[in-house]
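Colleague: I would like to learn how to read this model feature by feature. Can we start with burial and then move to the ligand?

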Amino acid sequence: MKYAFVTGGSRGIGRAVCVQLAAEGYHVLINYRSNDAEAEATLAQITGAGGSAELLKFDVSNNDEVNAVLGGWLTANPDKHIEVLVNNAGIVRDNLMVFMPAEDWSAVLSTNLNSFFFVTKVLLQPMLIRRRGSIINMVSLSGQKGQPGQVNYAASKGGVIAATKSLAAEVGKRGVRVNAVAPGFITTEMTENLNEAELKATVPLNRFGKPEEVAEVVCFLAGPKASYITGEVISVNGGIFS
Ligand code: NDP
């Protein structure tokens with residue numbers, strides 16, 4: 001059995017990624033922080049379709065929790081190899097910088113950027129030892145071009161883009177690929193308060209994207225069809241920016 005681990009897999013884009021990886025034959029470890037009902041719904045959707053998955057609840061911004069729960073899973077399952085890691089969990093705390101409290105800077109950097117380091121650190125060594133792995137980081141249009149009101153969020157995603165390229169250069173010789181996917185406006189709870197009618201006019205394809213359209217690209221990067229792609233950032237944004 002192939003194993004995949006997805007952070008923030010309970011809702012939105014992460015859920016679509018979990019569902020699709022399971023449909024492609026992976027046993028999916030679904031991470032989430034607090035929303036048990038949504039996580040159970042994702043698990044039920046996968047098992048109801050004949051797939052295999054389990055829940056791993058912990059806060060990706062807390063290094064002790066990451067080591068205890070994810071590290072604990074590895075210790076308890078020494079014969080199983082997680083070959084796909086999707087660093088997807090993320091939050092926004094939008095505000096103009098002049099009004100942004102330091103806590104909102106820290107919360108976004110911790111959840112979106114530090115988590116990349118904490119989670120990847122746990123799973124990287126087993127991938128290097130087995131010379132097999134694909135890491136996909138969920139970044140954002142904001143981290144590519146900047147966005148007013150998102151200095152914290154853009155900094156976190158820009159940091160992950162730079163880390164993606166650096167890590168790809170470090171581990172390629174060991175058979176591990178590292179890529180990023182950069183969505184634009186995707187219909188999830190994260191974007192539910194945006195004015196879709198107004199914003200979609202800025203998108204050449206004239207609509208918001210669906211989580212499944214991002215999941216397709218993640219699954220492509222995860223698998224053998226992307227075997228010669230590493231250090232890349234693939235935009236899924238309806239043509240806003242490339
Ligand atoms: P949602 O808000 O719909 O879902 C966020 C997910 O992340 C949930 O599963 C949530 O778990 C989990 N999560 C949040 N914080 C933590 C944490 N500290 N530890 C563990 N899990 C956590 O977000 P989206 O699906 O919209 O976004 C997914 C990713 O895509 C994010 O990285 C986001 O930045 C990125 N993105 C999204 C875009 C969009 O338009 N939607 C555009 C560009 C990028 P729980 O349910 O327990 O809270």
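## Reading burial, backbone and ligand

Modeller: G14 is buried, because its relative accessible area is 0%. Keep in mind that this is a predicted model.

Colleague: What cut-off separates buried from exposed?

Modeller: Buried means under 20% relative accessible area, and exposed means over 50%. Partly exposed is what lies in between. With 0%, G14 is therefore on the buried side.

Colleague: Where is G14 found?

Modeller: G14 is found in helix 1. That helix covers residues 12-23.

Colleague: Now a strand residue. Is S134 buried or exposed?

Modeller: S134 counts as buried, because its relative accessibility is 2%. S134 sits in strand 5, residues 133-138.

Colleague: Which backbone oxygen lies 3.1 Å from a polar atom of the S134 side chain?

Modeller: It is the backbone oxygen of L221. A polar contact is a pair of N or O atoms within 3.5 Å. The S134 side chain and the L221 backbone oxygen, at 3.1 Å, are within that limit.

Colleague: And N87?

Modeller: N87 lies in strand 4, residues 82-87. N87 is buried, because its relative accessibility is 9%. N87 and F118 are 31 residues apart in sequence, and their C-alpha atoms are 10 Å apart.

Colleague: F118 is a handy reference point. What is the C-alpha separation of E65 and F118?

Modeller: The separation is 9.7 Å, for two residues 53 apart along the chain. E65 belongs to helix 3, residues 63-76. E65 counts as partly exposed, because its relative accessibility is 33%.

Colleague: Let us turn to loops. How do I read G51?

Modeller: G51 is in the loop between helix 2 (36-48) and strand 3 (52-57). At 24% relative accessibility, G51 is partly exposed. Its C-alpha is 32 Å from that of L141, a residue 90 positions away in sequence.

Colleague: Next, backbone angles. Which value does phi of R131 take?

Modeller: Phi of R131 is near 55°. That is a positive value in a residue other than glycine. R131 lies in the loop between helix 4 (102-130) and strand 5. R131 is partly exposed, because its relative accessible area is 48%.

Colleague: What is phi of N206?

Modeller: N206 has a positive phi of about 60°, and N206 is not a glycine either. Its loop runs between helix 7 (196-199) and helix 8 (211-222). N206 counts as partly exposed at 44% relative accessibility.

Colleague: Now the ligand. Which residues come nearest?

Modeller: Begin with the shell, then pick out the contacts. There are 32 residues around the ligand. S10, S34, N88, Y153 and T188 come nearest.

Colleague: How many residues of each class are in the shell around the ligand?

Modeller: The shell has 13 nonpolar, 14 polar and five charged residues.

Colleague: How do I read the polar atoms at the ligand?

Modeller: For S10, a side-chain N or O atom is 2.6 Å from an oxygen atom of the ligand. For I13, a backbone N or O atom is 2.8 Å from a ligand oxygen. For N88, a backbone N or O atom is 2.7 Å from a ligand oxygen.

Colleague: How much of the ligand's accessible area does the protein cover?

Modeller: The protein covers 97% of the 900 Å² that the ligand has on its own.

Colleague: And which pocket does the ligand take up?

Modeller: The space taken by the ligand is the largest pocket.

Conventions. Residues numbered from 1 in each chain as written. Predicted model: local features only at pLDDT ≥ 70, side-chain atom pairs only at ≥ 80, totals over all residues. Heavy atoms only, no water. Near = heavy atom within 4 Å. Polar contact = N/O pair within 3.5 Å; in protein donor to acceptor, adjacent residues only side chain to side chain. Areas by Shrake-Rupley, 256 points an atom, 1.4 Å probe, with all protein chains shown as cover. 1 Å grid on protein atoms, 1.4 Å probe; cavity = no way out; pocket = protein on both sides within 12 Å on 5 of 7 lines; lining within 4 Å. Sits in = over half its atoms within 2 Å of the grid points. Helix = DSSP H or I, 4+ residues; strand = E, 2+ residues; numbered from the N terminus. Nonpolar A, V, L, I, M, F, W, Y, C, P; charged D, E, K, R; others polar. Buried < 20%, exposed > 50% of the residue type's maximum accessible area, 1.4 Å probe, protein only.
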